[in-house]
Amino acid sequence: MTKKMKYGVIVGKRKAEVYQKEVPSIKEDEVLINNKTCNICTTDYQQWAGDRMHQPFPMAFGHENSGIVVEVGKEVKNCQPGDHVVVNIYGPCLECDNCRMGKSSIYCQNSLSNYKMKHPDEDGVYGFYGCGEYQVAKSKHVFKVSKDLPFEEAGFVEPLATVIHGIERLRIKVKEKVLVIGAGTMGLLNAQVARYYGADVIISELIDKKIEAAKKLKFDQIINPEKENFQEKIKEYLGDSQLDAIIVAVGATSAYNQAIKVAPKGCRMLIFAANFPEPDWDLKPNPVHYQLWEIIGTYGCSTQDYLNATVLLSKKYILTAPLLEKKYSLEDIQKAFEKATTPGTYRVTIEI
Ligand SMILES: [Zn+2]
Ligand SMILES: [Zn+2]
């Protein structure tokens with residue numbers, strides 16, 4: 001008798017269900033993973049909420065998952081049964097020139113993620129089955145994490161890898177002054193990586209719960225622009241120095257506009273967040289020209305960023321426990337999405 005597996009699926013707008021199928025068999029270069037947890041990413045809950053209708057349904061969503069290797073193909077050398085692992089969702093081919101040049105995986109024309117967004121599998125389902133009991137992955141996309149790292153914390157490898165990629169693009173140096181706007185999941189990951197790179201970090205956040213999370217992560221220069229004078233408070237924190245970089249980690253017009261209100265000459269601004277429908281921004285060309293501003297966009301990451309993220313999490317240089325909410329069982333998937341879309345929520349975990 002063949003073994004069955006359960007997996008979470010976004011069926012349509014505001015509708016998630018548990019589907020079943022046979023546990024797939026693996027090829028020689030593939031790994032079978034028994035997933036333990038899957039965190040719900042912004043891209044997942046935006047699709048569930050109907051804000052990403054360009055993504056196909058039904059979607060076997062989930063990429064912030066982690067689990068244990070149960071079987072490896074004959075050619076697999078980088079992991080073995082029992083290893084705790086995550087999967088590189090971008091699925092770069094690692095053979096094209098862009099991959100070989102070490103570029104971000106979003107430049108790979110043969111990536112598995114591009115393919116899977118356009119081609120359903122034999123069951124008519126899209127996606128990677130990250131929120132499934134079992135998942136098949138190419139060994140080249142599998143990364144080991146420490147067995148001491150809780151599964152739900154290992155689920156932060158992908159978002160952390162994108163943050164590392166952004167911080168590298170922003171070229172943060174030791175002693176620089178960095179303002180992070182927004183203390184949501186991505187804001188506090190950005191703040192921690194900027195600090196790890198040696199920056200002195202100031203955080204702007206409106207919601208008390210998120211200010212508390214920032215304090216738990218030992219950030220002490222925090223501004224609530226609704227309660228304090230934003231510009232004055234930043235000046236107070238900076239003293240004689242000036243801001244070197246600003247990271248916008250909230251996809252809201254007010255956040256983008258806050259950035260240009262306090263950006264000094266030569267400031268580098270990382271536009272980490274996007275949103276749907278698209279927010280406005282009062283950015284004009286003259287200040288960019290005369291103030292020598294650098295506006296840097298970022299999303300996605302490289303294979304090296306993935307590896308770095310596994311190390312920073314495994315060694316606890318970056319902490320994610322304050323960024324986790326309640327856990328839900330796979331059966332309660334609909335409730336998990338309802339919680340994930342509630343404003344002010346950190347990462348919601350599904351236990352598989
Ligand atoms: Zn994600
Ligand atoms: Zn490639």
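Biologist: How many C-beta neighbours does L313 have inside 10 Å, and does L313 count as buried or exposed?

Modeller: The model is predicted, and local features need pLDDT of at least 70, side-chain atom pairs count only at pLDDT 80 or more, while totals for chains, interfaces and linings use all residues. Residues are numbered from 1 along each chain as its sequence is written, and chains are lettered from A and ligands numbered from 1 in the order in which they are written.

L313 has 23 C-beta neighbours inside 10 Å and therefore counts as buried. (A residue is buried if 20 or more other C-beta atoms lie within 10 Å of its own, exposed if 12 or fewer, and partly exposed in between, with C-beta atoms placed from the backbone.) L313 belongs to helix α11, which spans residues 303-314. (Helices, H or I of at least four residues, and strands, E of at least two, are DSSP runs numbered from the N terminus.) Leaving aside residues up to four places away in sequence, L313 touches V145, L149, E153, A154, F156, V157, L160 and I318. (Two residues are in contact if their C-beta atoms, placed from the backbone, lie within 7 Å.) I295, by contrast, is 18 residues from L313 in sequence and 29 Å away in space, C-alpha to C-alpha.

Helices α5 and α11 pack at an angle of about 115 degrees, and their axes are 8 Å apart. (Axes are lines fitted to C-alpha atoms, for helices over the stretch in contact, and angles run from 0 to 180 degrees between N-to-C directions.) The two helices, α5 and α11, are therefore roughly perpendicular to each other. (Angles under 35 degrees count as roughly parallel, over 145 as roughly antiparallel, 65 to 115 as roughly perpendicular and the rest as oblique.) The crossing of α5 with α11 is right-handed. (A crossing is left-handed if the near helix is turned anticlockwise from the far one by less than a right angle, and right-handed if clockwise.) On the α5 side the contact is formed by V157, L160, A161, I164 and H165, and on the α11 side by D305, Y306, N308, A309, T310, L312 and L313. Sorted by class, this contact of α5 with α11 has eight nonpolar, three polar and one charged residues. (Ala, Val, Leu, Ile, Met, Phe, Trp, Tyr, Cys and Pro count as nonpolar, Asp, Glu, Lys and Arg as charged, and the others, Gly among them, as polar.)

The phi of K316 is near 65 degrees, a positive value in a residue other than glycine. K316 is partly exposed because 13 other C-beta atoms lie within 10 Å. A154, one of the residues that L313 touches, is 162 residues from K316 in sequence and 11 Å from K316 in space, C-alpha to C-alpha.

Helix α5 has a further partner. α5 (residues 157-170) packs with helix α6 (residues 185-196) at an angle of about 55 degrees, with the axes 9 Å apart. α5 and α6 are therefore oblique to each other, and their crossing is right-handed. P159, L160, V163, I164, G166 and I167 of α5 make this contact with T185, M186, L189, N190, V193 and A194 of α6. The residues of the contact of α5 with α6 comprise nine nonpolar, three polar and no charged.

In helix α7 (residues 208-216), the buried residues include K210, A213 and A214. They cover an arc of only 100 degrees around the axis and therefore lie on the same side of α7. (The arc is that of the directions from the helix axis to the C-beta atoms.) An α-helix has 3.6 residues a turn, so residues three or four places apart point the same way. The buried residues of α7 are covered by elements including α6, β11 (200-204) and β12 (222-223). The exposed residues D208 and K209 are carried on the face of α7 turned away from its buried side. After α7 comes K218, whose phi is positive, near 70 degrees.
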